[in-house]
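Hello,

Here is the structure I promised to pass on. My notes follow below it, and I would be glad to hear your thoughts.

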Amino acid sequence: MDGNGRWASERNLPRIAGHRAGVDAVRAVVEECARLGIGYLTLFAFSTENWKRPREEVGALMTLLDQYLKKELETLMENNIRLKSIGRISDIPAKSQQTLNEVCRHSSGNTGLTLILALSYSGRDDILQAAREWGKAVQRGEAEPDSLQAEDFSSFLSTADVPDPDLLIRTSGEMRISNFLLWQVAYTEFYVTPRLWPDFNADDLRSAIKVYQSRERRFGLTSEQLRSGER
Ligand code: IPE
Ligand code: MG
């Protein structure tokens with residue numbers, strides 16, 4: 001979700017007004033995903049690098065997170081949405097951690113959309129953390145370095161129980177991954193839109209999905225192989 005700051009500057013508003021408008025876009029996109037029957041939506045809400053932003057902006061973002069979670073619990077329950085989080089949750093203020101845990105626990109039995117908030121998240125961190133855990137498994141004699149497979153390693157990542165994303169949408173026109181799900185996006189389709197996040201709505205989401213549906217996902221194979229059903 002990118003472009004909140006630019007959205008605000010274009011209107012001569014403080015950056016935080018852009019973040020506030022961004023929350024409305026979150027609400028619209030989450031509800032549309034639930035309506036469309038999408039299984040998983042991961043929102044990159046805050047990166048480990050974002051802690052280096054001005055203190056007031058970080059504080060305002062944490063307050064917005066807390067308010068969003070409290071306000072949205074009812075909508076999540078009504079729409080059968082299960083909330084999860086990935087990232088260094090212990091970095092976020094204790095109060096927000098508590099709210100987050102409560103909403104996750106409360107919605108854990110929901111069976112529709114799984115909404116994953118990436119908070120204080122870093123793709124490299126995720127991989128490093130997995131490598132550390134895997135190393136410990138080796139030390140305990142539960143894993144064997146020579147036989148390590150990609151699927152084994154994936155099970156140590158924070159997304160162990162989440163399928164790799166089919167589609168990654170980046171708003172505000174930036175052509176970079178910015179330390180999001182590095183391992184998980186190996187074969188993800190990318191969609192970059194110039195639309196700033198606060199302006200991104202349900203129609204934009206459907207347009208992105210339309211484009212995704214027109215893509216040929218070859219996973220390294222040739223078109224001919226895909227057509228003949230060879231795998
Ligand atoms: C939102 O957009 C991303 C968050 C960290 C919440 P930005 O705040 O990065 O907006 P720009 O890039 O300054 O426009
Ligand atoms: Mg940005």
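Helices α2 (15–36) and α7 (residues 202–214) pack at an angle of about 50°, with their axes 9 Å apart, and are therefore oblique to each other. Here axes are lines fitted to C-alpha atoms, for helices over the stretch in contact, and angles run from 0 to 180 degrees between N-to-C directions. Angles under 35 degrees count as roughly parallel, over 145 as roughly antiparallel, 65 to 115 as roughly perpendicular and the rest as oblique. The crossing of α2 with α7 is right-handed, meaning that the near helix is turned clockwise from the far one by less than a right angle, with anticlockwise giving left-handed. Helices (H or I, at least four residues) and strands (E, at least two) are DSSP runs, numbered from the N terminus.

Please keep in mind that this is a predicted model, where local features need pLDDT of at least 70, side-chain atom pairs count only at pLDDT 80 or more, and totals for chains, interfaces and linings use all residues. Residues are numbered from 1 along each chain as its sequence is written, chains are lettered from A and ligands numbered from 1 in the order in which they are written, and side-chain values use heavy atoms, leaving out hydrogens and water.

α2 also packs against α3 (residues 55–78), at about 30° and with 10 Å between the axes. That angle makes the two helices, α2 and α3, roughly parallel, and their crossing is right-handed. Next, α3 meets α4 (residues 94–107) at about 15°, their axes being 9 Å apart. α3 and α4 are therefore roughly parallel too, but their crossing is left-handed.

Now for the ligand. Around ligand 1 (a heavy atom within 4 Å) sit residues including Met 1, Asp 2, His 19, Asn 50 and Leu 61. By class, this shell has three nonpolar, five polar and four charged residues. Among its polar contacts (pairs of N or O atoms within 3.5 Å), an oxygen atom of ligand 1 lies 2.8 Å from a side-chain N or O atom of Arg 15. Polar backbone atoms take part as well: one of Gly 5 is 2.9 Å from a ligand 1 oxygen, and one of Gly 3 is 3.3 Å from a ligand 1 oxygen. Taken alone, ligand 1 exposes 390 Å², of which the protein buries 86% (Shrake-Rupley method, 1.4 Å probe). α1 (4–10) and α2 are the elements that give two or more residues to the shell, and α1 has the largest share, with three residues.

Best wishes

Notes:
Polar contact = N/O pair within 3.5 Å; in protein donor to acceptor, adjacent residues only side chain to side chain. Nonpolar A, V, L, I, M, F, W, Y, C, P; charged D, E, K, R; others polar.
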